[in-house]
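Hi everyone, thanks for making time. I'd like to walk you through a model, so please have a look at the screen.

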Amino acid sequence: MTKLVYQLDGLTCPSCLQKIEGAVGQQAGVKSVKALFNSSKVKAQIDPAVTNADTLKKTITDLGYTVVNVRSQEA
Amino acid sequence: MHVIQTHKQEAMIGGGVLTALGLVFSQAWLLVLASLVAGLPIAVNAWEALRYKQISIELLVTIALVGAVLIGEPVESAVVSFLFLFGDWLEQRSLAKTRSAIQGLAAAAPKTARLVDGVTVPVGQLAVGDQVRVLAGETVPADGKVIGGQANIVEAAITGEPDAKRKQAGATVYSGTQVSDGTVDIEVEKTGYNTVYQQIIDLIEDAQDAQSPVATFIQKFARWYTPLVLVIALLVGLVSQDVRLAITILVLGCPGALVIGAPVSNVVGLGFGAKHGILIKGGDVATKLDQIDTVMFDKTGTLTQGKISVTTAQYWTPDEANVAALVAAVEQATAHPLGQALVAYLQPQTTPVVEDVKVTRGVGVQAQVAGHTVSVGNQKILKQPQTPEQRAAIQAIVSGGASLVLATVDDKLVVAYGLRDQLRPDTPAMLADLSTNGKKTIVLSGDSQAAVEHMMTDLPLSQTRGGLLPADKVSAIKAAQAHGEKVMFVGDGINDGPALAQADVGVAMGSGMDVAIDTADVILTSSRLTNLGVLFDLAKRMNVNIKQNLVIAIGTVALLLSGLLVGLVDMASGMLFHEISILLVIANALRLRHTPRKWQNLTAIKAHQPQTANNEGK
């Protein structure tokens, strides 16, 4: 299990949260995902054997958001 | 695709200019071009979301735009696409303001650190055990202990206290605090995400997204709302055969102010608290705070300063200095706060060897020192009857409300000490403020009932209860809750973990940050008790603010829908009102950034003025 925290470049619409949570949550290997509106962060728990930080980052950028940095933590 | 997504602002300006030109010269092709330019980033985002099977607001707008162009309404499509991007841009800018309190905190964290040998390294590379040097005007890069030099350090980032504290060898310093003058060398104990400062930032960020029940409900609702609008618009279009009406519903249906209203109030409110040393763990805590009717306090270190001083010392021995050395030697072997206070008071010059230390909980400590059996503790250590004079002295100390410490040498009573804590200077004002607001105030203490009562004389308290173990405090809270009372417990976070957890709202004060972060709902990082009043006030203002925002949001929807029914609202004006309502709720939330007049002088502890009688607290 790896915990990932993506810092995004300012989320404006709360509907972005549904979009991101839905899109990231569908990916294989994603155990849980939470998009935080106010801090503009996406927190995800992933199985590092199935997916990785870059795959999810691409999903988020595809949706039109800019990832400022990623924090990864073994859990 | 990504290029288009990142150039929304250019598309907005381009679309705006083209729309203006198209309107001025009445050129339909210019308006169609404007719709295309401004609509493209919207459509791309809609498509990307759709690829992940998400129905977004952008999708609703895109369909509406295409529909408008097809039915020959290029004015509407041009105006709507421009307004959508413009609104988005304004929202981003004004939302940035609501987040400024936290971003200010995060930005204050230093990026580099100077090692003692002069090498500068990025903060990320610091390791536990490294020694860093911090000069005047610089920010401490990690948590640690001072190992050399001395300095005045402003800990406002952690505690909200603006006054500098003197720090020298042995003192703990925190990342994010600032050296105002002097130089210190620090041995690093915690780095990066483990520092208290980063924990505070994480805590607030999580808190700002921990929503109140109302907000959570609205967000769940919003998840279904967007697809629902699409379905309704489709049905209306099919039944009425009126494309214009259907696409107008799509635009009006965008969930805006309703979804953003409550979160935005929470962000600003919690940010305001954080700036003043009040960390609230989420919007739901603010909701609960409004219902509190009973406030229970721990005494030592909460209502009092927790700095115990010796007020009476009555010796029955010709050799006071020797007895003092024996007592100090024994107490040095314990960690009891009273013992620590005694050692500080006695200032022993010599330290005799202590052997065979036996600590009995609730009684005292016994040890062999210099061939004598020395016991220090309460009256239970006494094995021989006392003289009338000794009994009188002990009685005087106890009835005076001080804590009693006795010492025997070879079972002979040689000294009686009276120790006393001091009230915090703002305790009376804070208690008066709470009772003026109609809250019950109760002290729960581990000290004897007599000591608690004496210390709390003349304070506006509903009840004082002494002689309680930590578990008794929990039972006291449970009992009150069983009576339907909503209980807040205020304690120091170290000894009071269970009580903090049991209370409806647990407030931890000052010390013990690490523990408190886990168990408490609110953390007062400074030792200023008046912040309790600010806390209640802030919670009330936040709850009112959220309600106002809901009224604005629901009112807008109602207004637009009825406008649509009577034919007053079209696509463009609908989008305009929609964006205005979003900006209104943000502006309303931003009012929470201002300090109410009552608390204007937050940094100073002011004498209580009973002018708060009309604050409708429960």
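Let me begin with a term: domain bounds here come from an automatic or database domain assignment. On that basis chain B splits into domain 1 (111–197), domain 2 (262–301 + 424–535) and domain 3 (309–420). Between the C-alpha centres of domain 1 of chain B and domain 2 of chain B there are 31 Å.

Some housekeeping: this is a predicted model, where local features need pLDDT of at least 70, side-chain atom pairs count only at pLDDT 80 or more, and totals for chains, interfaces and linings use all residues. Residues are numbered from 1 along each chain as its sequence is written, chains are lettered from A and ligands numbered from 1 in the order in which they are written, and side-chain values use heavy atoms, leaving out hydrogens and water.

Now to chain A. You'll find 2 helices and 4 strands there, taken as DSSP runs (helices H or I, at least four residues; strands E, at least two) and numbered from the N terminus. Along the sequence, the order in chain A is β-α-β-β-α-β. The radius of gyration of chain A, over C-alpha atoms, is 11 Å, close to the 11 Å from the globule rule (2.2 Å times the number of residues to the power 0.38) for 75 residues, so chain A is as compact as a globular protein of that length. Its C-alpha trace spans about 35 × 20 × 15 Å along the principal axes.

How much of chain A is buried? Of its 75 residues, 56% are, with buried meaning under 20% relative accessible area (1.4 Å probe, protein chains only).

Notes: Buried < 20%, exposed > 50% of the residue type's maximum accessible area, 1.4 Å probe, protein only.
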